[in-house]
Amino acid sequence: MIIKKKTHWFGMLFEWNGSVLPKLLPRLLIIFIYSCIVVYFREELMAYQLAINPAIFTLFGIALAIFLGFRNTVSYDRFWEGRKLWGALLNDTRSLARQVHTLVEGSNYTAERSRFIKLLTAVVFALKHQLRNTDTEEDFKRLLSPDDLNKYRNKIYKPIMLLNELGLWINNAKMEGRLDSITQANVDTNLNKLSDIIGGCERIASTPIPYTYSILLHRTVYIYCFLLPFGFVGSMEWLSPLVIVFIAYTFVALEAIADELEDPFGIEDNDLALDAMANNIENTLAEIDNKKIEAIVPSKDYYII
Amino acid sequence: MIIKKKTHWFGMLFEWNGSVLPKLLPRLLIIFIYSCIVVYFREELMAYQLAINPAIFTLFGIALAIFLGFRNTVSYDRFWEGRKLWGALLNDTRSLARQVHTLVEGSNYTAERSRFIKLLTAVVFALKHQLRNTDTEEDFKRLLSPDDLNKYRNKIYKPIMLLNELGLWINNAKMEGRLDSITQANVDTNLNKLSDIIGGCERIASTPIPYTYSILLHRTVYIYCFLLPFGFVGSMEWLSPLVIVFIAYTFVALEAIADELEDPFGIEDNDLALDAMANNIENTLAEIDNKKIEAIVPSKDYYII
Amino acid sequence: MIIKKKTHWFGMLFEWNGSVLPKLLPRLLIIFIYSCIVVYFREELMAYQLAINPAIFTLFGIALAIFLGFRNTVSYDRFWEGRKLWGALLNDTRSLARQVHTLVEGSNYTAERSRFIKLLTAVVFALKHQLRNTDTEEDFKRLLSPDDLNKYRNKIYKPIMLLNELGLWINNAKMEGRLDSITQANVDTNLNKLSDIIGGCERIASTPIPYTYSILLHRTVYIYCFLLPFGFVGSMEWLSPLVIVFIAYTFVALEAIADELEDPFGIEDNDLALDAMANNIENTLAEIDNKKIEAIVPSKDYYII
Amino acid sequence: MIIKKKTHWFGMLFEWNGSVLPKLLPRLLIIFIYSCIVVYFREELMAYQLAINPAIFTLFGIALAIFLGFRNTVSYDRFWEGRKLWGALLNDTRSLARQVHTLVEGSNYTAERSRFIKLLTAVVFALKHQLRNTDTEEDFKRLLSPDDLNKYRNKIYKPIMLLNELGLWINNAKMEGRLDSITQANVDTNLNKLSDIIGGCERIASTPIPYTYSILLHRTVYIYCFLLPFGFVGSMEWLSPLVIVFIAYTFVALEAIADELEDPFGIEDNDLALDAMANNIENTLAEIDNKKIEAIVPSKDYYII
Amino acid sequence: MIIKKKTHWFGMLFEWNGSVLPKLLPRLLIIFIYSCIVVYFREELMAYQLAINPAIFTLFGIALAIFLGFRNTVSYDRFWEGRKLWGALLNDTRSLARQVHTLVEGSNYTAERSRFIKLLTAVVFALKHQLRNTDTEEDFKRLLSPDDLNKYRNKIYKPIMLLNELGLWINNAKMEGRLDSITQANVDTNLNKLSDIIGGCERIASTPIPYTYSILLHRTVYIYCFLLPFGFVGSMEWLSPLVIVFIAYTFVALEAIADELEDPFGIEDNDLALDAMANNIENTLAEIDNKKIEAIVPSKDYYII
């Protein structure tokens, strides 16, 4: 998700990028041409009594309002729940990193602690790749030791299996007397949270809004747009195609945005910036691990996360 | 729930499967024929002053909007809460499996750990069968030892009784010195969560939306549809049956979808894919238990979970 | 709450029981007769310019939509929160029963464990009676020992005082060395949850929707219904009483349902089935306590919980 | 909050107390007189073309619906969150009282336990007085020992400082060997919850709905009411003042209720019954402390909490 | 956020400060002048059939209502979630301060405890500065020792790194035998919560409402306002500019407020009072640390937090 910073209220009216207009242009053109045709044949239409009472569109409007309002809210909730889960991922990995640094004894344990941080970072990248169905190889090579790489590169549920490795790491440290049962239980609670976050992301990714809803909304929107000319050619004649395209734009665009937000882990314009968020997590964990890092400077006009 | 992948915006308008149209066709046909009859007798209607002022439908619309919006939201919330509970089931069983593998001591304890995982899987399948009122026998035979099978096949509240067995397993391991009280308390917390999840599913399954609501909404929708012709035959004549069927379609379909989603654990088209989700849980638990598993490859055009 | 199972879409239109129609009939009759009177005097009405511009009803409609939508949502939320609390009561008592069976040592402790389960069941029934302001005597006699009966029958806050007894039971078991501090803390957490559930039910029962809202909504609905004839006699004459009764039915019924659901612990048709739910909890706890129980078979046409 | 019990549907229409009507009468009178003046000059109005197209009010209605719906929901949410926090206060103080009675050893510790209960009750009253900006002196004298009274009467954040005293009490008991670290941690968790509840109440009390919203809604409602006569004098003449006052009543009353509920800790008619709730908590804590208490009998026609 | 106290209902209509009117004046002026121009050319407009059917605006209204309602709700939710997070920050730092005073042994440990409180306060100010992108130097100098100042002034994620220091402080106290593992785990849980709060604020600050939504709503609002004159000059002539400006005001103002609230951590009029809230936290923590503090007296007419 790359989001432009706020522009002036007037310039914002003519923004091209960032809006869904480019994508919708062909459809709006079809509706425009179709409206013009209807206007052209308006007299025949009247003669055969094919004009629609404008009150009808208010009735349609009720269904449309319910559908669009619902679709819109649900899609945004999915988007925002996805964002919250990735926010929780940031919080929880930070907490685990802090715990490993403050609760696990031994000043000579630096290398092992770094391994834990790397494994933790690998969980984040493994989740990202699973959600986008991309290859983990490159990130795993950077983050995992050769042994771990061999062990985990072919697992089906990679983030969960790496979580297991974190659990074994903790247990190992306990065996060596670096923490006791109480602290282990404390850290384990955060591993449970990580498991909840991973499963939450899988839930959103695997269960879309019931398809029947999408079809019904889609049809209602387009039937509505294609009936509009029959209702207004009588009163507005050649002005009507223009006005109808304006109305169609708002409804069609609303459906299109909702459609993009529905699956927040994708790579469309309005989806979540998983890449930036994963890098951000890697950075903050590295700083906790006393590595030298540099702030990501967002470019002047764009939000990055 | 089998959900087709997104199709092209134009093709989506003519989608047949996946929409509720087939199911609603008879009702829409009745409304169409009925409208035609009203149009045919329109002059008698006018003569006896039986035309309805179109403004009336806007007033009805308020009630309709509240009812449909409410029903729709509540049904979807039930669907999504059901999905969240099964998501939590996945997360929680994974956490328990991880805990048994990383917190319970003893490299020679593999068989016992596998028994725990199988029992855990049996909880999931027992819940599925309880929610759908189907027989657990086949799945229990696959997952339980003969002793456990005899002990649990005739219990009334099977998932809860299996949870008790998991609690006894943990206590047994503690007796053998493989974990201490703290770790036991830690694992027990996850058993509590499982108990909450099971009870949550039972709650949704046993308490539908108050029947009075369903009746009232149902009546309002159909009274509305059957009054519509009296309001529009005057202004649209033979065009009105077609337009009325379009309007009726959106309202009737909205009610029908809400009705399907209300009980998300059923086996209708829009219900949750409990089978696929239970198999998914079995798979991920098996992988944690170091069993060789194969990824479920979703077929090209369908979501599976 | 006795809820009929789904019937056919057509038969549902003429359902008598389960709808609020019987209760509302007198009011609808009044509105019908009143409308007829207004129609009868329609010419005098016109002469004195007492007809209302139909657009007015759309303006009223905004307020009506906000009020009814709000009242409806809030009432249902209260109903559903009540249901969730009783669901949590089921989950939490089950968890406590499991903990007492798996975490408290001693195979010779069966009688004591049964006493705990009975006390736990008594909490549930005490809560039911407190919410409905009915007498606990009969259920307490069945569930409590004579000593406990004497101790608790005259307490004001019975469920909470029984909770204390459960706390003392746990402490006693600790004194006897059957569990340690950690397990006690673990069980105590579930007692805290029980306390939250009891208090949550008291909150809903003691704090209704602010009365001013109820009055304002009530008035708006009826003023609206009584003004309707003045708006439509001009255009619909003798058809208007019928149409007005249909409209009034939807609004008045919506208010009536919301009013019933507002207090979910009552004994009206749409209230929660506290009896069935308490029996269900007693059953599941008894099964955990190794008592022989029989499944409650719901009759063919009715949901029971 | 004193809330009258439900009355008959017909009598409820003419309820005077409990409604906001008395408070709004002057404003409605102004609107009525103003409407009459506009009707009187209706011919001049028409001559100068100052009549407003009634369709305009539907457009205004959109903004009005969004504003009123939003304000209403947010105000009620604040009211209900306030109620939930006080419900949680009840639950949490009960849990702490139970813990002190069942987890802290020593049959000779009764006086100390009673001091804890009194301190806990003092937290509740201190919070009430802080939220209403009233004086704690009287309640503190009744509940605190002279030493504690001197220590805490001049603190700025009284409830929080009393919480500290509770923490010291627990620590003292641990020093004397009456509870161990685990139990202390368990009780401390409930002190954390108390801290959350206190802070939650402070949040609601100190952060109202942004003032800009209140102004904008207020203006929209009154501009709407003052424009109404210009839209309807043409069609309804001398009937319009009456109808306009009815419409104005619903909108103005809705805003007035929302305004009262916004700050739920005040002492207006629709605010929370903090006095009754604090007394209720004092009572239930005293019963847990084995004090003899009497049930508060709600008078026949009124809810008390 | 400086919010004026409630004024009289009549005076509130003419409030200048606190409303968004000053900011919107230029835009409303443009709309007014533009409307006048359209009225002036109304005859040419009619001649070329460029008048818009007023029913069109009702159709637009559906989209507008969905957009504005959605934007409004989401923006307020972000505002309120931000407020809740800062409320949780207050609660959680208070709990940590109490724990350090009641759970960590040693009457000779006062200086160390004060250092902890200062570090805790520094976390709060570091978060404030991070969210507003301002310099921490001044506050860090006041709150941190020279050593800590050097260590943390150049960190990227300052609040999180200070959290680590708090974790080390706790661990140090454990090493010295002032608290045991159980208490450490207890305090550590609150550090986890702090981590969640910090991450929650970062989430809101870094992820605005998808820009595409903002553009679409912005365009719909202004297209609507600029089309309005074409719909009403026919029926209202020279009255229409005035009425149109009133309508435009409500919609444009609604969008403007939503835009301000969207980023609650900024320094616009309607943003959260981070300064006052941070000072409030510093005060209450100092009182727990037995420092002499003075209450912040809010000036007579303004809320301060």
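## The interface of chains C and D

Asp188(C) forms a salt bridge with Arg98(D), with the closest N and O atoms 3.2 Å apart. A salt bridge here is a side-chain nitrogen of Lys or Arg within 4 Å of a carboxyl oxygen of Asp or Glu. Across the interface of chain C and chain D, the rule finds 3 salt bridges. It also finds 19 residue pairs in polar contact there, both residues at pLDDT 80 or more. A polar contact is a pair of N or O atoms within 3.5 Å; within protein, one must be able to donate a hydrogen and the other to accept it, and residues adjacent in sequence count only if both atoms are side-chain atoms.

Helices (H or I, at least four residues) and strands (E, at least two) are DSSP runs, numbered from the N terminus. Ala, Val, Leu, Ile, Met, Phe, Trp, Tyr, Cys and Pro count as nonpolar, Asp, Glu, Lys and Arg as charged, and the others, Gly among them, as polar.

## Basis of the model

This is a predicted model: local features need pLDDT of at least 70, side-chain atom pairs count only at pLDDT 80 or more, and totals for chains, interfaces and linings use all residues. Residues are numbered from 1 along each chain as its sequence is written, chains are lettered from A and ligands numbered from 1 in the order in which they are written, and side-chain values use heavy atoms, with hydrogens and water left out.

About 6400 Å² is buried between chain C and chain D, and carbon and sulfur atoms give 64% of it. In chain C, Tyr157(C), Tyr211(C) and Arg219(C) lose the most area to chain D, together 12% of what that side buries. Buried area is the accessible area (1.4 Å probe) that two parts lose on being put together, summed over both.

## The axis

The copies use different surfaces: 2% of the contact residues of chain C recur in chain D.

## The interface of chains B and A

Chain B gives 74 residues to its contact with chain A, and chain A gives 66. The two bury about 6400 Å² between them, 64% of it on carbon and sulfur atoms. Trp9(B), Arg98(B) and Glu287(B) lose the most area in chain B, together 11% of what that side buries.

The rule finds 3 salt bridges across this interface. Arg94(B) and Glu202(A) meet in a salt bridge through their side chains (3.1 Å, N to O). Elements giving two or more residues to the chain B side include strand E1 (3-4) and helix H11 (274-288). H3(B) gives the most, with 21 residues. This side divides into 38 nonpolar, 22 polar and 14 charged residues.

## Pairs without contact

No contact joins chain B and chain D, whose closest C-alpha atoms lie 10 Å apart. Chain C and chain E do not touch either; their nearest C-alpha atoms are 10 Å apart.

Technical notes
Contact = heavy atoms within 4.5 Å.
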